[in-house]
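Dear colleague,

I am handing over the structure below, and I would be glad if you could look through it alongside these notes. What I found follows directly after it.

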Amino acid sequence: MEKQNRQRNAPHPGMNLPSDYPPQYPSATLQGLPGHTGYPGPQVGYPAPQADYPGPQAGYSIPPAGYSGAGPVRFPVQHQPVYNQPGGPAGVPWMPAPPPPSGCPPRLEYLSQIDQILVHQQIELLEVITGFETNNKYEIKNSFGQKIYFAVEDTDCCTWNCCGASRPFTIRIIDNMGQEVITLEIPLRCDSCCCPCCLQKIEVHAPPGVPLGYVTQTWHPCLPRFTIQNERREDVLKIIGPCVVCSSCADVDFEIKSLDEETIVGKISKQWTGFVREAFTDADYFGIQFPLDLDVKMKAVMLGACFLIDFLFFERSGNTE
């Protein structure tokens, strides 16, 4: 009898209860049927777990569906990482990667499915407060607002403050995995229309180190003009801007035309963003339009042309060119 009482008063395995903890089950329920190895469910009136109860141990099995004391089985919800931000603000979705077409440089397949690119420069709080220029950052999106790439200027502080808007610089365009996809390089050149021998140009590399195309400034006494070239430096398209480049309450359009200037292929537009933003920041919004079936390489070069236009005409303080 004494041995049976000790077995009856023994703590439940795995509960880590003190030796003098009173049994919680009536004695009749502990006897069970002959050969029965499991425990029945807790009886009515079974006290709730203590506040400091550590919870089920690892490997604790889920009660069967017919278990009378079991509630609905719920599994933790696994949230997939929808946003992968290498540097941009949270809450902006990334464009899903389409299948790459044949002959497409790595990570440029996003451009094969779109006919419009939005380039939004981010406002730098330090610039607004102190007027101290910092490296520019841009979000590159499709027409649905989904991010395609993120662009970051790579210029040292000394060059920024000594050369200002006439500085040479490198822009690194990265994808949602943080990998550098396109590299844009602008060398130190003269940007004066009175010096036609050394005008501006931008080199587009994709992947980095592999020339993809060039955008060169063409001298003209009145109009901003550029030539888009392929990787072999062969002329492909032309860009012609307005006589007066001033974003006063309206968009400024740079038309992309064929070499004979008879057909308009697309345009690069500096978008008006409102008086406050235009007057107190140099964070610009651009839109690029081109045919859907245009070669992705030329689409990437047009993206480089957008940065060159921003650099030449809208980078100065207050956008008052």
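How many aromatic pairs does the count come to? The count comes to seven aromatic pairs, where rings of Phe, Tyr and Trp (its six-membered ring) pair if their centres lie within 6.5 Å, and planes under 30 degrees apart count as stacked, over 60 as edge-to-face and the rest as tilted.

Before going further, please note that this is a predicted model, in which local features need pLDDT of at least 70 and side-chain atom pairs count only at pLDDT 80 or more, while totals for chains, interfaces and linings use all residues. Residues are numbered from 1 along each chain as its sequence is written, and side-chain values use heavy atoms, with hydrogens and water left out.

Aromatic pairs

The rings of Phe-226 and Phe-313 have centres 6.4 Å apart and planes at 85°, so this pair is edge-to-face. Because Phe-226 belongs to strand E8 (residues 225-230) and Phe-313 to helix H6, the pair ties together parts that are 87 residues apart in sequence; helices (H or I, at least four residues) and strands (E, at least two) are DSSP runs, numbered from the N terminus. Phe-226 is buried, with a relative accessible area of 1%, and Phe-313 is buried at 15%, where buried means under 20% relative accessible area, exposed over 50% and partly exposed in between (1.4 Å probe, protein chains only). Phe-313 also forms an edge-to-face pair with Phe-314, at 6.5 Å centre to centre and 65° between the planes. Ring pairs link Phe-226, Phe-254, Phe-286, Phe-313 and Phe-314 into a cluster.

Leaving aside residues up to four places away in sequence, Leu-108 touches several residues, among them Tyr-149, Val-181, Ala-206 and Val-296, with contact meaning heavy atoms within 4.5 Å.

Helix H6 and the cavity

H6 also gives the most to the lining of the largest cavity, with three residues. On a 1 Å grid over the protein atoms alone, a cavity is a set of points where a 1.4 Å probe fits but cannot get out, and lining residues have an atom within 4 Å of a point. Residues of this lining include Asn-136, Arg-167, Phe-307 and Glu-315.

With best wishes

Conventions. On a 1 Å grid over the protein atoms alone, a cavity is a set of points where a 1.4 Å probe fits but cannot get out, and a pocket is an open set with protein on both sides within 12 Å along at least five of seven lines; lining residues have an atom within 4 Å of a point.
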